[in-house]
Structures are given as C-alpha cells and as structure tokens.
Amino acid sequence: MNSQTLKLIGRRFFAAAMSLIFVIVTVFAITNVLPGDATDAVLGQGATPQAVAVMRHDLGLDRSVFFRFWFWLWGVLHGDFGHSLLNGLSVADAIGPRLHNSLLLAGASAAVSVPVSLFLGITSAIWKDTVYDRVVSIMTLGMVSVPEFVIATMAVYVFAVRLHLLPALADVGSVHSLRQFLSVFFMPVASLALVTLAQMVRMTRAAMADTLSAPYIEMALLKGVGPIRLILVHAIPNAIGPIVNAVALSLSSLLGGVVVIEVVFTYPGISGLMVDAVSSRDVPTVQACALVFCVTYLFLTTFADVVTILSLPRGRKA
Amino acid sequence: MAATIQVENLEIVGRRGKGAELPIVRDVSFSVQRGEMLALIGESGSGKTTVALSLLGHIRKGCRIAGGMIRVAGYDVTALSPHECRSIRGRVISYVAQNAGSAFNPALSIMRQVVEPALVHRTLPRRDLEARAVSLFRALALPDPETIGERYPGELSGGQLQRLMAAMALMTDPEVVIFDEPTTALDVTTQIEVLSAFKAVFAERGITGVYVTHDLSVVAQIADHAVVLKDGAIREAGTVSKILFQPEDPYSQALLAAAEPRSRQADLAGQPEQRSLLDVRNLVVGYGQRTAAGLPEKVIVNHVSFSVPKGRMLGVIGESGCGKSTLARAISGLQPWAAGELLLNGEPLAGNVRERTPDQRRHLQLVAQNADSVLNPSKPIGQTLERVVRFYGGLRGAAATRRVNELLDMVRLSPSLASRLPSELSGGQKQRINFARALAADPQIVLCDEITAALDTVVAAAILDLMKELQRDLGLSFIFITHDLHALQSICDRVAVLYAGQAVEVGPAMALGKGVHHPYTRLLHDSVPLMEPGWLESTRIKRADEAMPATLLNSLSHDPELCCFLERCPDRVSGLCDRVPPPVRSVPEGPRVLCHLPASICSEFST
Amino acid sequence: MIAMIGKFRSRHDRVLLLIVFWLLLALLGPLCSSHDPGAIGSQPVFSAPSAAHLLGTDYLGRDTLGRLLNGIRHTVLLCFASTLVSCSVGTFLGIAAVTARPWVEALTGRLADGFLSIPSLLFALLVIAVFGTSTTALIVTMGVIYTPGAYRTSRALAQRIARLDFVTVARARGESTPYIILQEILPNMTGPMITDVGLRFIYAVLLLSNLSFLGIGVQPPEVDLGSMVRENMLGMAYGSPAMIVPVVVIGVLTVGINLALDSSSGRR
C-alpha cells in the first residue's frame with residue numbers, strides 16, 4: 001500500500017461521509033417539509049386546537065426546523081430515534097430485534113447468492129456465446145424483468161399451496177430444530193437470493209467479459225498460456241475490482257428485495273415495520289428504518305470501492 | 001531445405017454480426033527461409049494482422065480458416081488441436097503485439113510476464129529464466145536491466161514496453177517471431193531506439209520471422225523479403241530491394257510513390273517576402289492555479305512565438321505530448337491562454353472565440369484531427385456545409401446550394417455526395433469535406449491539426465496534394481500541425497519545432513537537414529528512417545551521455561526556465577545548460593534557435 | 001462512438017415500437033371492455049373463464065379482463081409519465097452539466113451521487129410516508145428516483161459527443177451554445193437516450209408494481225397490475241386468472257422491452 005492508494009481511499013471515505021450527511025439531511029428534510037404535520041395524522045381532522053397545540057409542543061413542532069433537526073440528530077447519534085406516533089413506544093426498541101431478523105435474512109441470502117452468482121457470471125463470461133451462456137442469460141433476464149413479489153408469490157404457490165411442503169408464513173418464533181429452521185427460512189432466503197442473483201450474475205458476467213476482451217488476454221493466449229492459468233492469473237486479478245463493484249451494486253436490489261420478501265412471508269423484520277409505518281404515516285419509525293437501510297447500503301458501496309482501489313494495478317491509479 | 005514458414009493458398013473468411021461470410025484473406029502463399037525476415041506490407045484492412053495471427057494458429061472470433069495450409073517449423077498449424085497449438089505458441093513461435101501498452105497485463109509485474117512463456121512450457125527453472133530475461137533486457141538496451149522486471153506496465157514508457165515485449169518473445173529461443181507493427185504507436189525518436197535494439201538482437205541471434213508493417217522505410221531496415229497485401233490478397237512479393245526499387249504492381253508503385261519523400265514546394269525563391277498574417281507572441285497556455293509569477297501551475301505551451309506570412313504554410317512538428325494540440329486549441333480560441341498575444345492581420349485576437357469578431361472567426365478556420373469524428377453523423381454532408389455558408393455568408397436557398405457544390409468541386413468531390421451521411425463516406429472523403437467546411441467560410445488561414453495521422457499513406461498523400469493546390473489557387477495560409485517530418489517537409493515553407501511546450505526552433509523548412517539547428521531538431525530529423533537498406537546501421541545518432549547524474553537533472557528539470565531538452569541533449573554543457581536558461585539565437589540565413597551553444601559549434605549537420 | 005450511433009438504430013426503433021404499443025393499449029384498452037370495471041356483479045368470486053368473462057371474475061366478482069385493462073392503463077401511464085419526467089429532467093441536467101459552467105457539473109454530480117446512495121424502494125417508501133399515494137405523488141416520486149440515473153447516462157453521452165471534433169469545429173466557428181446543444185449534441189443523443197427511456201420505464205414498472213403490491217402504491221378503487229395481484233392473492237389457491245394474469249402481463253411487458261434492449265448490446 002502506498003501513499004497514492006491511501007489518498008484514494010481517503011478521498012473515498014470523504015465521499016462516503018458526504019453521502020452520509022446528504023442521506024441524513026434528506027431523510028429529515030423529506031419528513032419535515034409538509035405544512036400539515038404529524039398531529040393531523042395522529043389526531044385526525046376532528047382534533048381540538050388545544051389537543052393539537054399540546055401535541056405539537058410535546059413533539060417540538062412549535063420550534064424552528066433547525067432546532068428540530070439538531071434535536072433529532074442528537075437523538076439519532078445516541079441511538080434514540082424518538083417514539084412511534086402510533087403507539088408511543090420507543091422506535092429503537094421496536095427496531096432492535098427486527099433488525100437482527102432482517103440482517104439474518106439478508107445475510108443468509110447473500111451467503112447463497114454471492115458465490116452462486118460469481119460462479120454463474122464468471123463461467124458464462126468464459127463460455128460466452130455457448131448454449132450454457134445463452135441459458136443463463138435468458139433466465140437471468142427473465143428474473144430481473146419481474147418484480148420481486150412475483151418470485152416470492154410463485155414460491156408460495158408452488159411450495160406451500162401446491163406441494164404443501166413448507167409453511168407460507170415465516171413464523172420465526174417457532175424455530176426449535178434445524179428442520180424447523182430450514183422450513184421457516186428456506187422460502188424467504190431462496191426467494192431473496194434468487195431476486196439478487198439475477199442482477200449479480202448479469203453484472204459479473206459483463207465485468208468478466210470486458211476483462212476477457214482485453215488485448216493482454218489475447219497476448220497471453222499467444223504466449224501459449226493454458227485456459228486455467230489464463231483465467232486465474234491473467235483475468236481474475238484485473239476483473240476483481242469491477243466484479244466486487246457489480247456485487248455491491250446488486251446488493252442494493254437485495255435491500256429492495258428484503259422489503260418485499262418480508263411482507264410476502266410476514267417475516268418479522270425491519271421492513272415489515274417500515275411498510276406498516278408508511279401506511280400509517282408513522283414518520284419517526286419511517287425515518288429510523290430508512291436511515292438504517294441507507295447506512296447499510298452506504299457501507300456496502302464504500303467497502304466495494306475500497307476493494308476496487310486496492311485491486312488497481314500499480315501505475316494505473318489516476 | 002524446407003522453409004521454416006510455409007503458407008500455401010491460405011483462405012480466411014469472417015462475418016460481421018449476422019451477415020454472410022466474407023473473405024478476409026484470399027489465396028495467400030509465401031515462405032520464409034531460416035534466418036530470414038519477411039515483411040508483410042499493407043494498409044489498414046489489408047488482412048496483414050489476420051495472416052500474422054494465423055501463423056500462431058490464432059483466428060479471431062467470427063473468423064475461420066476456409067482453406068490452405070500453414071506450416072511453421074515443421075508443424076502443420078491448421079491441423080493442430082487447441083492443446084497442440086498451445087504447446088507451440090510462445091515456445092516455437094512467438095508474437096510481439098502492436099500496442100505493448102495494452103498487451104501487457106497491468107496487474108502483473110514485468111518479470112512474471114516475461115518469463116511466463118518459458119515457464120508454461122517448462123523449458124528452464126525460474127531462476128535461470130530470470131537471469132536469461134535480464135540478459136535479454138541488457139541486449140535490448142533497456143535501462144536498469146537488473147530491476148526493470150520488478151516494475152509494472154503502468155510505470156514504463158511505450159518504447160520500453162515494446163522492447164520488453166520483444167524480450168518476452170525471445171525468452172524461449174523460438175524458431176519464429178512474429179512482429180505486428182511493433183513501432184507504429186511510438187514517436188520517431190523512440191522508434192529508432194527500438195528498431196536499433198531489435199536489429200542488434202536479430203543480428204546476434206539470427207531470428208526467423210515475419211514483420212507486419214505499413215511503413216516502407218522500416219521494411220527497408222528490417223526485412224529481407226517482402227509481401228504486399230491489399231484487400232486480403234497478395235499484390236506483389238519479392239526481395240525488399242525489388243519491392244522498394246523496382247515494384248511492378250501498380251498498387252505497390254502507388255504505395256511507394258506516397259511514401260517517397262517528395263517536395264510539393266513551388267519555387268518561392270524570387271517572390272518577395274509576404275507580410276505576416278498571423279503572429280503568435282510569447283504564448284503561454286496551461287492548466288491549474290496561477291503561480292506567483294502569474295503563470296499556470298502546469299504549463300503546456302511555454303512562451304511560443306512564430307508568425308505565418310500570407311499565402312505561406314507553417315508546419316508545427318513535435319512528439320506526442322509536446323503541446324501541439326493545446327496550441328491549436330488556443331489559436332482557435334477554445335483554450336484561454338495565460339500570457340502572450342495572438343495577432344491576426346496585426347489586430348489582437350481574444351482568447352475566447354466568442355469574443356472575436358465575426359470576421360476574425362471567419363478568417364481563421366480549424367480543420368480538426370480525426371476524420372471519423374469530424375462530421376456530425378446525424379446530418380447529411382450538404383447540410384453541414386450549408387450551415388457554414390449561411391453562418392458566415394448569409395447565403396440561403398439556391399445560392400447556398402450552388403456554393404456547396406462549388407465547395408465540393410474545390411475539394412475534388414462529386415456534388416452528389418451532398419445528400420449522403422458521413423457514415424457513407426471513406427476516411428479520405430471525410431477529410432476532404434472537413435476541408436470544404438473550412439473553405440466555406442472563405443478563410444485567410446486554415447489551422448490543420450494532425451489531419452493525415454489517421455489516414456493510410458496513399459490517401460494522406462492525396463490530402464497533402466489538395467492542401468498545396470488550395471494554397472496555390474486561393475492564396476491560403478496554413479498552419480499544419482503534425483508529427484510526420486516527411487509530410488511537413490513536402491508542403492511547408494516554414495517550420496516550428498515544439499518540444500515539451502517550447503518552440504525550440506523556428507525557421508525555413510527548406511533548411512531542415514542542412515546547416516545549423518537545435519539539437520532536438522537534429523535528433524528528430526535523424527530519427528526518421530530513410531528508405532535505404534542499411535540506413536539504420538549507418539546512422540549515427542548522438543545520445544545524451546550519462547555524465548550528468550539523473551538526480552541532479554531531476555531536481556533541476558522542475559525549473560521551467562531551463563532548457564526543456566536538457567535531459568536528452570547530447571551536447572549539453574554541465575554548469576551552463578543546467579544553470580542558465582537558454583537564449584534565443586538567430587542563425588544567419590537559418591532558423592531561430594533556443595539554445596546556449598554558439599552557432600559555430602551548434603549541432604551542425606555532417607551530411 | 002460514431003459507429004454506435006448508426007449501428008444501433010434498429011434497437012431504438014424496437015424499444016420505441018414496444019413502448020408505443022403499450023401506450024396504445026393503455027389508452028384504448030379500457031374502451032374495448034363492455035363491463036364497467038368497478039361494477040360489483042352478482043357473479044361468483046374467482047369464477048373460471050367463460051364467454052361472458054373471458055378471464056373469469058376477481059375477488060369481488062368483477063370482470064377480470066376489464067380490471068386488467070384498467071390496471072394496464074394505470075401501470076403504463078403512471079410509469080410512462082414518471083419516465084418522461086426523469087428522462088427529460090435528467091437529459092436537461094446532463095447537457096447542462098457538460099455545456100454550462102463547471103460549478104453546475106460539480107453541484108449536479110454531487111446531488112446525483114447523494115440520491116444514488118439511497119436505494120430506490122427506500123426512497124419511495126420515505127416519500128410516500130409523507131406525501132401519500134396520490135397519482136401526482138407517485139409520478140413525481142418515481143420521476144425523482146430515476147432522474148439521477150438518466151442524468152448520468154445523458155451526461156456521459158453528452159460528454160463524449162462534446163469532445164468529438166465536429167463539436168470542437170462548431171465552437172471554433174463561434175456557434176452559440178443553444179445551436180451546439182440543439183443541432184450538434186442532441187440529435188446524436190436521441191438513439192441512446194431512447195434506450196435509456198426503455199430501461200427506466202422497466203425500472204418504474206417494477207417499482208410501481210412492488211409498491212402497489214405492498215399496498216402503498218395505487219389505491220383502491222383504482223387498480224394497477226401490482227395492486228391487482230395484491231387484492232386477488234386469495235385466488236392463488238384456486239389458480240385464478242385474476243391473480244395470475246397480471247403477473248404474466250408484467251412479465252411480458254418488462255421481458256419484452258428488456259429483450260429489445262438486450263438484443264444487440266449483449267453480444268457482438
């Protein structure tokens with residue numbers, strides 16, 4: 001690692017910090033631009049002015065927007081996301097266990113989809129234009145073309161409704177054995193993995209195919225380098241950056257997918273909470289969930305970029 | 001004795017997209033005896049690279065061998081299985097690619113790649129291979145042969161990479177080496193270093209090979225026999241001296257005529273000196289923040305001065321990165337300058353084209369570099385020209401159409417082209433339209449930026465003829481920016497030599513090659529290969545000795561005031577050149593030179 | 001680059017053709033159905049296809065075909081409107097970034113980076129939580145979400161074209177910025193931008209369907225393809241066309257455009 005690399009990584013972290021600030025400000029701004037505020041949503045049209053005034057004071061809505069921002073940010077930095085407008089419970093408490101469940105689901109899906117899609121993407125780039133490649137291409141094209149809920153409902157239809165193999169709903173509380181664990185998690189994880197997989201395979205294939213069309217690959221062939229060495233020594237080291245990037249970008253579809261999958265299977269994760277909060281306009285809960293998602297995503301993309309920077313060959317860092 | 005390489009009736013076909021198969025190589029036969037070098041001569045699209053790659057059993061995607069036989073060092077290449085093909089590649093026959101910059105894997109160190117062909121064929125243990133690589137680096141005159149292998153491709157220059165690629169090809173002592181335009185992407189002063197290194201190694205090791213090129217003067221230096229290819233078929237074959245000096249086929253003759261340095265100069269001797277049309281005075285162009293001295297942080301064009309007399313042609317020559325294109329952009333008003341001034345007909349021109357008067361913009365026209373991107377692809381030719389006619393002359397309707405036809409005629413194109421889209425034209429036609437567009441403004445001076453660089457020799461020669469005609473018939477002045485000394489000498493009246501942003505020499509073009517010049521001008525002139533066999537061996541280029549330590553030079557080279565050619569100058573004087581900025585000296589009857597050396601000893605041409 | 005502009009023309013035509021087809025279906029389709037899409041008939045729910053109801057009935061006994069045609073209208077028109085918003089705003093900003101002063105590019109670039117660091121579904125949820133699910137809110141939300149992507153595409157395109165020699169020559173001739181944008185840059189961007197419109201249209205369809213499926217997109221009594229699947233989920237057990245057909249229609253819509261987009265870009 002040299003100073004140039006450190007400089008690039010430093011710049012990337014700076015950019016990530018800027019994005020973080022942008023995200024925080026945006027999340028707060030969107031939820032605070034409306035003249036009509038939370039009191040309408042909670043108390044309804046028929047509320048007395050006194051009740052509204054009391055609630056506005058309780059929520060700090062009678063103060064300036066900057067004061068409210070600092071107040072909110074201060075809380076967020078201390079793990080306090082405020083209280084739900086629906087039931088008055090602490091948002092942080094509601095999120096805690098559900099975040100754990102969501103991370104479990106997302107992590108398990110990524111653990112399945114990343115290796116599988118790396119394999120499919122890299123191999124179909126190597127065997128470009130073969131029947132294998134066409135089959136992979138068509139299948140992944142089909143999968144990226146349908147919304148996430150379709151894959152999930154199809155899974156429910158086949159495994160729960162038709163075959164009666166698995167429960168349609170994910171009752172996480174009832175897991176006591178490996179068999180139960182599998183029967184509960186199989187469908188959500190498989191659906192989520194499938195949703196992410198398609199995008200990831202396509203992007204990995206593109207990144208690898210791009211590397212394989214480089215002149216130095218042809219040169220290596222002309223030196224008499226065999227196919228395995230060609231891939232492992234010549235192609236992979238150059239493709240690693242773009243591939244990691246492709247994977248990180250595809251993980252954004254994992255974050256989108258997790259929302260849909262949790263709702264379809266009524267999985268007790270953070271996004272079910274968020275969707276309910278959106279329906280009932282429970283702004284503090286929405287804010288908190290959105291922040292959690294955005295920070296996770298930011299972390300993934302930053303991590304991918306750092307890997308890309310580290311994999312840049314010497315003398316090519318601009 | 002059987003020939004080392006034997007190709008008989010080779011046919012290669014290929015398809016683009018889903019179209020029908022088209023022949024790429026047609027009935028090609030040739031042979032190369034042991035120890036001989038065969039040149040495959042051809043222009044772009046002649047199929048020369050396809051033939052060269054087929055010798056290694058490599059056919060690019062979408063193509064296939066449709067017939068014929070290829071025999072290399074006893075192997076029937078067309079009949080080999082993929083596995084057998086691999087076993088001869090890099091061991092029996094090796095390849096030197098055109099662009100070493102992209103043919104080296106950026107992620108691997110040079111040494112790993114250089115020893116790789118020998119390693120995959122298990123000819124020797126790695127330690128011995130590395131020792132052998134170092135000796136090859138030395139033989140190819142590479143700097144720091146012991147340690148250069150530890151570096152990465154991104155850290156080395158094009159000329160070094162090209163020689164390293166040759167070292168890689170020679171690692172296994174192959175029977176045959178294929179060189180695919182190995183010096184085309186290099187500057188001339190680098191090209192000659194690489195060629196000399198190649199030639200020395202060829203002589204020492206007796207290499208059999210095929211050398212693909214479009215440059216006939218390189219052929220004269222390197223090859224014994226030559227084959228001229230056009231559209232995938234052989235037009236003529238024979239010894240190099242026969243092809244170069246008694247070509248029989250009309251196409252070879254045309255190639256030769258285009259490559260032959262010839263003067264298109266009209267005799268200006270008796271004519272009076274014309275008044276100056278365009279004056280460039282101490283122009284400084286750069287990027288970044290201003291420094292305390294008021295100059296930009298990164299200076300690209302450094303105090304350049306020259307003038308273009310009315311009806312004359314000034315050539316600006318220099319290597320890649322010397323600032324020629326930036327200079328062109330500044331003159332065109334597309335890149336503001338930091339200091340200096342520009343006068344057209346004695347009146348100062350603004351740095352931004354928007355602030356120039358309509359007449360100033362009309363009088364100074366730009367003909368840009370790349371024939372492929374110079375015309376708006378979504379507009380027919382006629383519309384492109386009409387726009388300029390209307391923009392400057394206010395002509396509309398029938399008058400505009402008449403003017404467009406007149407312009408097409410001026411550049412020797414048929415008026416029927418007016419309805420065509422640029423994609424339907426050839427490179428040469430596009431470049432003519434490019435000229436017509438400039439002429440549509442009825443200019444006084446035309447600025448041509450590397451307009452022949454991307455064209456094949458024959459087409460480029462025709463464009464040069466056209467320029468000379470326009471100069472004569474319309475009394476136009478030109479600034480001709482180029483890296484090609486032959487082209488410059490054949491049409492220009494005056495020349496400005498640019499090095500690292502400085503005009504190190506400005507003078508009459510006729511005087512190049514004789515009399516007193518800047519050391520860089522001489523190096524440039526001496527580096528252009530002549531079409532004489534043996535020229536490479538006989539040429540004696542003086543190189544900078546290593547007397548002045550690089551460390552000392554490095555610390556000084558940041559001073560923009562000092563001579564920009566210091567590091568490479570063979571005639572530099574320690575204590576003077578690295579301490580004091582060079583003065584401008586005028587040679588009587590000759591150029592104005594930016595150098596310390598007194599005219600009497602300053603790099604006089606010996607010829 | 002130049003070759004690309006000519007070579008891919010047929011691909012843009014195919015994408016354009018498909019979008020026009022779906023727009024026509026959206027505008028004219030509901031007129032073809034004799035049933036009032038909102039009418040709750042005396043029909044049994046989730047009935048099988050019959051002569052009266054070609055695709056059977058839905059969970060309230062309404063004619064599925066009529067609902068479907070209405071659903072297509074909402075999905076296609078909403079998504080097309082939001083795509084128009086994102087692509088026109090994106091193209092405008094992209095060209096401005098290339099042709100205006102440097103700070104414009106710095107500012108728009110930063111903003112786009114910021115927006116792209118928020119996953120699209122999340123952003124939609126956030127905005128809908130505040131602004132609700134009115135048609136305008138949905139169009140604007142999806143328009144905003146896909147603007148940064150369209151901006152990046154058009155900026156990259158405009159940048160490449162602006163560097164080409166014919167633009168340099170036009171600038172050296174002293175042509176005005178509007179002329180250069182309208183006559184030199186834009187005509188060469190239309191082809192690739194149509195491709196981009198196709199892509200963003202697919203994204204919008206997927207996003208809207210997901211939102212409606214989650215119950216926070218198009219609200220009853222209006223219907224789009226996603227909400228149609230949602231309301232007829234119970235029909236899954238009977239294999240009812242009311243639930244399956246909208247899924248198939250979404251697939252045909254997006255796979256079709258994707259295939260048209262993919263046909264000449266993927267392989268060469």
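**A walk through chains A, B and C**

Buried residues account for 41% of the 318 residues in chain A. Please keep in mind as we go that this is a predicted model.

Let us start with the make-up of chain A. Among the contacts in chain A between residues at least 6 apart in sequence, 74% join residues at least 24 apart.

In an unreviewed entry, UniProt lists "transmembrane region" for residues 12–34, 103–126, 138–160, 181–201, 244–270 and 290–312 of chain A. Two of these spans can be checked against the model. Residues 138–160 of chain A are 91% helix and 0% strand, with end C-alpha atoms 27 Å apart. Residues 290–312 of chain A are 96% helix and 0% strand, and here the end C-alpha atoms lie 33 Å apart.

Now follow chain A to its partners, beginning with chain C. This contact takes 40 residues from chain A and 34 residues from chain C. On the side of chain A that touches chain C, two or more residues come from each of α1 (3–30), α6, α7 (148–162), α10, α11 (270–279) and α12 (283–311) of chain A. The largest share, seven residues, comes from α12(A). By class, the residues on this side of chain A divide into 27 nonpolar, ten polar and three charged.

Turn next to chain B. Here 17 residues of chain A are in contact with 24 residues of chain B. Both α9 (215–222) and α10 (227–264) of chain A supply at least two residues each to the side of chain A that touches chain B. Of these residues, the largest share is the five from α9(A). The side of chain A that touches chain B has eight nonpolar, five polar and four charged residues.

Chain B is itself divided into domain 1 (5–98 + 174–257), domain 2 (265–512) and domain 3 (525–604). Where domains 2 and 3 of chain B meet, the contact takes 14 residues from domain 2 and ten residues from domain 3. On the domain 2 side, β12 (296–309), α17 (485–491) and β20 (502–508) of chain B each supply at least two residues. The element that gives the most to this side is β20(B), with five residues. Sorted by class, the domain 2 side has eight nonpolar residues, five polar and one charged.

Finally, a few backbone details are worth a look. In the loop between α5 (91–126) and α6 (131–145) of chain A sits Asp129(A), whose phi is near 70°, a positive value in a residue other than glycine. Asp129(A) counts as partly exposed because 13 other C-beta atoms lie within 10 Å. Asp144(B) is found in the loop between α5 (126–139) and α6 (158–170) of chain B. Asp144(B) has 10 C-beta neighbours inside 10 Å, and therefore counts as exposed. In chain C, look for the cis peptide bond that joins Pro220(C) and Pro221(C), with omega about 10°. You will find Pro221(C) in the loop between α9 (190–213) and α10 (225–231) of chain C.

Note on methods: Residues are numbered from 1 along each chain as its sequence is written. Chains are lettered from A and ligands numbered from 1 in the order in which they are written. This is a predicted model: local features need pLDDT of at least 70, side-chain atom pairs count only at pLDDT 80 or more; totals for chains, interfaces and linings use all residues. UniProt positions are given in the numbering used here, feature names are shortened, and annotations may be inferred rather than shown by experiment. Helices (H or I, at least four residues) and strands (E, at least two) are DSSP runs, numbered from the N terminus. A residue is buried if 20 or more other C-beta atoms lie within 10 Å of its own, exposed if 12 or fewer, and partly exposed in between; C-beta atoms are placed from the backbone. Two residues are in contact if their C-beta atoms, placed from the backbone, lie within 7 Å. Ala, Val, Leu, Ile, Met, Phe, Trp, Tyr, Cys and Pro count as nonpolar, Asp, Glu, Lys and Arg as charged, and the others, Gly among them, as polar. Domain bounds come from an automatic or database domain assignment.
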